[in-house]
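Please look over the sequence and the model shown here before reading on.

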Amino acid sequence: MRNTVFALGVLMLSGVPAGAGELRGTVIDLATGKAVAARVYVEGADGEFYHVEAASEDGEAVPYEKKRGEGSVEVHTCVSAHPFVVELPAGEYEITVERGKEYFPTVARVTLGDGSMTAQLPLQRWIDMGERGWFSGDTHVHRTMAELPTVIMAEDLNVALPLTAWVTDSEHRPTTDNKSPVLVPPARLIEVDGTHVIWPVNTEYEIFSVAGERHVLGAIFVLHHREAFDLSVPPVGPLAAAARAQGAVLDLDKHNWPWSVMLLPVMDVDLFELTNNHIWRTEFMFSDWNAEYADAELFGLEMNETGGFTEEAWIRFGMQMYYAVLSCGFRMAPSAGTASGVHPVPLGFGRVYVHLEDGFDFERWMEGLKAGRSFVTTGPMLEVEFLGEQAGHVFEGGVGGVVEVPVAGQLLAANVRDYRIEVIVNGTVREVMEGEVQGLGDGEHAVMQERFTVPVAVAESSWIALAAYVHDAEGRLRFAHTGPVYVDVAGKPLRAKRAEVAYFVKRLEDEIARHEGVLSAAALGEYEEALGYFRGLMEGAR
């Protein structure tokens, strides 16, 4: 099915130009003819955006408006599977309709005048990941509980984990100092339908100040727990113990928060947010965000002219940090979060897909997320098996010898110009498959499919994962990345790279110096503990 072309996507509608008019619309699934929930943009010829409203009592419309400079404007409305309406001055408009990652977008160009216009806006699904055993989620959500049922249906997002508890000072506790506007809900799964759910008890510790004074530490998420924590941080060890007691999963927000390296060994973090809340549908904005923590030479990053991140450098930095973390012995699964509700980005723009054998079940989804039976994506779909097993599997290689782990799978993507697939072993790119995609013309849609089988052999304990990079129709870099599999070879342990271990050691030494006289002895002790862990890796490093 490689490079199949569809001529759906741009509709031309017109009315009679006059003073003002009303546009009524319904988004439908082209295959079924039924109304579906979706995300709707209405943009005037002057660049002004407008929100639509529900056109009936049983409909819902959730407006969203976040702006971070001229190039990062996200103004849309998530509508339920019912008609919507918007009153507009006479003129020309572009109506864009999107629904998550598995549908082509539809664009309607409208000339509106007096009276009303009614339009059916068809969405065509280009892939059904649920039928293939994959179900999506967003682990970094700041949308309200009231709006989430409509929004997850509009984004076709199977699992939302809203951070209903959120604190930002070292002395604050979620039980008493919650930044979220409502009380933490009861620990009860909210089923919007059989495959779209919300777990409402999740916590973010995002520490910007210590005892009320500005002193940034960073963020950590505690997902899928039962009760609000009556704990402040740092130290973080008691929180980790309390989280485990509640069966929670720990998610590292971003790799270059100041405290991130310390958290890895001290909290034994489960997830690494590989597509994070700095990756948007709109323009990249975080060029200077903690750029001093990026060793451009070590990680092979092409920074901008002022030494800050480009979007590609930020993405690559995250990948290289993840590889270094894996090679230092942390078996972390990838996660994906948007912070939709805070940033100009739709819910689930970056999302994690978890593989389930027998249909959707939330508890099994969470187990699969933690185990790494997953891939993350900002667009393309990357289905891979390793010797017939899903990502997250651990192979026992016996004593010595070479272990064969053939990799087979496919990359599927919609409306992309090119692709590059990398097979990564212990942080080194072992194989590359790349090419250009033909058939993407103005107003057309194209689906590309690249199947591959790659023999991979390792002679020592290793991890193996795949990454895929594409450029979309506008030239933006989008990516997908699998969780790793692990090969344990007796007598030949996984060895970290000496330069990467030295990087982690320096980060910790610098942080200890920065925190002297600010953090408590118990908190500083955790940094010393982490420093001891990484120094201990030096002896066997390569």
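Which backbone nitrogen does a side-chain oxygen of Asp361 reach at the start of H6? That oxygen comes to within 3.3 Å of the backbone nitrogen of Glu363, where helices (H or I, at least four residues) and strands (E, at least two) are DSSP runs numbered from the N terminus. This is a predicted model, in which local features need pLDDT of at least 70 and side-chain atom pairs count only at pLDDT 80 or more, while totals for chains, interfaces and linings use all residues. Residues are numbered from 1 along each chain as its sequence is written, and side-chain values use heavy atoms, with hydrogens and water left out.

**Helix H6**
- Helix H6 covers residues 362–371, and Phe362, Trp365, Met366, Gly368 and Leu369 are buried in it (buried means under 20% relative accessible area, exposed over 50%, partly exposed in between, with a 1.4 Å probe and protein chains only).
- Seen down the axis of H6, these buried residues fall within an arc of 165 degrees, so they line one face of the helix; the arc is taken from the directions from the helix axis to the C-beta atoms.
- Just after H6, Gly372 has a positive phi of about 85 degrees.

**An open sheet**
- Four strands form an open sheet in the order S6-S9-S3-S12, with mixed pairing, two strands being paired if DSSP finds at least two bridges between them.
- Its edge strands are S6 (53–54) and S12 (116–123), each of which pairs on one side only.
- Strand S3 (residues 20–29) runs parallel to S12 over eight bridges, and Ser116 in S12 is the bridge partner of Glu22.

**Cysteines**
- A search of the whole structure finds zero disulfides, a disulfide being a pair of cysteine sulfur atoms within 2.5 Å.
- Cys78 is buried at a relative accessible area of 0%, and Cys328 is buried at 2%.

**Salt bridges**
- The count comes to 27 salt bridges, each a side-chain nitrogen of Lys or Arg within 4 Å of a carboxyl oxygen of Asp or Glu.
- Glu98 and Arg39 form a salt bridge whose closest N and O atoms are 2.7 Å apart; the pair links distant parts of the chain, with Glu98 in strand S10 and Arg39 in strand S4, 59 residues apart.
- Glu98 counts as buried at 17% relative accessibility, and Arg39 counts as buried at 4%.
- Arg535 and Glu509 meet in a salt bridge of 2.8 Å, N to O, which joins helix H8 (residues 521–537) to helix H7 (residues 498–515).
- Arg535 is partly exposed at 45%, and Glu509 is partly exposed at 34%.
- Salt bridges that share partners join Arg39, Glu74, Glu98, Glu155 and Arg281 into one network.

Technical notes. Polar contact = N/O pair within 3.5 Å; in protein donor to acceptor, adjacent residues only side chain to side chain.
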